[in-house]
Amino acid sequence: MRVLLVEDDEMIGQSLKDALAAQGWSVDWVKDGLLAQSALSDGDYACMLLDLGLPRRDGVEVLRKARGSGDTTPVLVLTARDGIDDRVSGLDLGADDYLAKPYELRELLARMRAVIRRRDGSAHSVIGNAHVQLDITTREVVVQGERSQLSAREFALLHALLERPGAILSREQLENRIYGWGEEVTSNAVDVLIHGMRRKLGADTIRNVRGLGWRVAAAPAQGGAP
């Protein structure tokens, strides 16, 4: 999935971008508060990782403006400001979670999954409908009881569709969820990806709505996690 990383420290930012990319995330990295606001308004992110001590515009102001404009992107604050007043202030402004530096990558990934699950309205790591379920923790898809592993881009595409079963997502919306800045995207990239997933998961798993985009069925999942 696509994440916005807001970090002005070159070493920390590059290290975190590389680590997240190795885990299958598409990472857009900006280094100041004004660029963060611009990216957030133009992008469609699974979550934002936000440092507070930023040039040009402080991370607290970025968060305040984002929530004031109605942006609901999950925000995980990553900062050296670990005092209780800073944590309370950030959470009260609308941050979804707070992690003090230094942190372990495993904990960061777990907290990212948690804030995304809450955004999806689920306390569990599994989202989906009666036909197909997606396990966010293991990145596996379950179709009629059969588990399959997904590539990073397959996972991002199916997650986008299963966030709102029944909703139609256009080619542009899916590209925005799958690919980060600077990634070359061919005109038929989404078509090729969906074709491969239909072969793997069944032709009815993802349905085309001619001239509009793609969707998955809206039927609710039965009985929770498989």
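Buried here means under 20% relative accessible area, and the model is a predicted one.

Q: What share of the 226 residues in the protein chain is buried?
A: To count, a residue has to have under 20% relative accessible area. Take the 226 residues of the protein chain on that basis, and the buried share comes to 45%.

Q: What radius of gyration does the protein chain have, and does it agree or disagree with a compact globule?
A: The C-alpha atoms fill a box of roughly 50 × 40 × 30 Å along the principal axes. A compact globule with 226 residues would come out near 17 Å, so the protein chain agrees with that at 18 Å.

Q: How many helices and strands are there in the protein chain?
A: Let's take the two kinds in turn. The helices number eight, and the strands come to eleven.

Q: Which residues of helix α7 are buried?
A: Helix α7 covers residues 171-178. Those that pass the cut-off of under 20% relative accessible area are L174, R177 and I178.

Q: Why do the buried residues of α7 line one face of the helix?
A: L174, R177 and I178 are the buried ones. Look down the axis of α7 and they line one face, because they fall within an arc of 95 degrees.

Q: What covers the buried residues of α7?
A: The cover includes both helices and strands. Among the strands are β1 (2-6), β2 (26-30) and β11 (213-215). The helices include α5 (105-119), α6 (152-163) and α8 (189-201).

Q: How far apart do the centres of the positive and negative side chains lie?
A: The protein chain has 29 positive side chains and 33 negative ones.

Note on methods:
Residues are numbered from 1 along each chain as its sequence is written. This is a predicted model: local features need pLDDT of at least 70, side-chain atom pairs count only at pLDDT 80 or more; totals for chains, interfaces and linings use all residues. Side-chain values use heavy atoms; hydrogens and water are left out. Buried means under 20% relative accessible area, exposed over 50%, partly exposed in between (1.4 Å probe, protein chains only). Helices (H or I, at least four residues) and strands (E, at least two) are DSSP runs, numbered from the N terminus. The arc is that of the directions from the helix axis to the C-beta atoms. Contact means heavy atoms within 4.5 Å. The radius of gyration is taken over C-alpha atoms; the globule rule is 2.2 Å times the number of residues to the power 0.38. Lys and Arg count as positive and Asp and Glu as negative; His and the chain ends are not counted. The place of a charge is taken as NZ of Lys, CZ of Arg, CG of Asp or CD of Glu.
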